[in-house]
Amino acid sequence: MIQSAVDNLLSNASKYSGPETQITLKAAIENEQLRIEIVDEGQGFTEEEIEVLFDRFNKFTRSVISTETSTGLGLFLVKGFVEKLNGTIKVESKPEKGTKFILTFKAFTN
């Protein structure tokens, strides 16, 4: 489920960012938590868009890939996967400044 969530977020970062932009994936264990960050330099979201970002069938049609289609389920499923694993997902974004998704999970250590 973590892989599916990260794959979806990376795919979205690619769809909503231009060809000359950077996408960064970071993962680390901090304070007994797995923290995963996906950061893009894409179009970003307004505060109003962030409020409904994880709603079912929510479609953002600003893809830089003109042939891209969306069901509006991706981010809804990502949030469900993260919550099913007792994790959290947070979004930091500004229009035209890009987006950062932060996923945190309790780390399992022996």
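Biologist: What is the order of the strands in the open sheet?
Modeller: In this predicted model, the 4 strands of the open sheet follow the order β1-β2-β4-β3, and their pairing is antiparallel.

Biologist: Which strands are at the edges?
Modeller: Those are β1 (23-30) and β3, each of which pairs on one side only.

Biologist: And how many bridges join β2 to β4?
Modeller: There are 8 bridges between β2 and β4, which run antiparallel. Within this pair, Gln33 stands opposite Lys106 in β4.

Biologist: What does α1 touch on the sheet?
Modeller: α1 packs on the sheet and touches β1, β2, β3 and β4. The direction of α1 makes about 15° with that of β2.

Biologist: Turning to α3, where does it lie?
Modeller: α3 lies across β3 and β4, and runs at about 140° to β3.

Biologist: Which residues of α3 are buried?
Modeller: They are Leu75, Val78 and Val82. These residues cover an arc of only 50° around the axis, so they sit on the same side of α3.

Biologist: What do they pack against?
Modeller: The buried residues of α3 pack against α1, β3 and β4.

Biologist: What comes after α3?
Modeller: Asn86 follows α3, and the phi of Asn86 is positive, near 60°.

Biologist: Now the core: how many residues does the largest nonpolar core have?
Modeller: That core has 18 residues, and those with the most contacts inside it include Leu9, Phe54, Val82 and Phe101. Elements giving two or more residues to this core include α1 (2-15), α3 (74-84) and β4 (98-106).

Biologist: Which element gives the largest share?
Modeller: α1 does, with 4 residues of this core.

Terms used. Residues numbered from 1 in each chain as written. Predicted model: local features only at pLDDT ≥ 70, side-chain atom pairs only at ≥ 80, totals over all residues. Heavy atoms only, no water. Core = buried A, V, L, I, M, F, W, Y, C linked by side-chain atoms within 4.5 Å. Buried < 20%, exposed > 50% of the residue type's maximum accessible area, 1.4 Å probe, protein only. Arc of directions from axis to C-beta. Contact = heavy atoms within 4.5 Å. Pairing = 2+ DSSP bridges. Axes fitted to C-alpha atoms, helices over the stretch in contact; angles between N-to-C directions.
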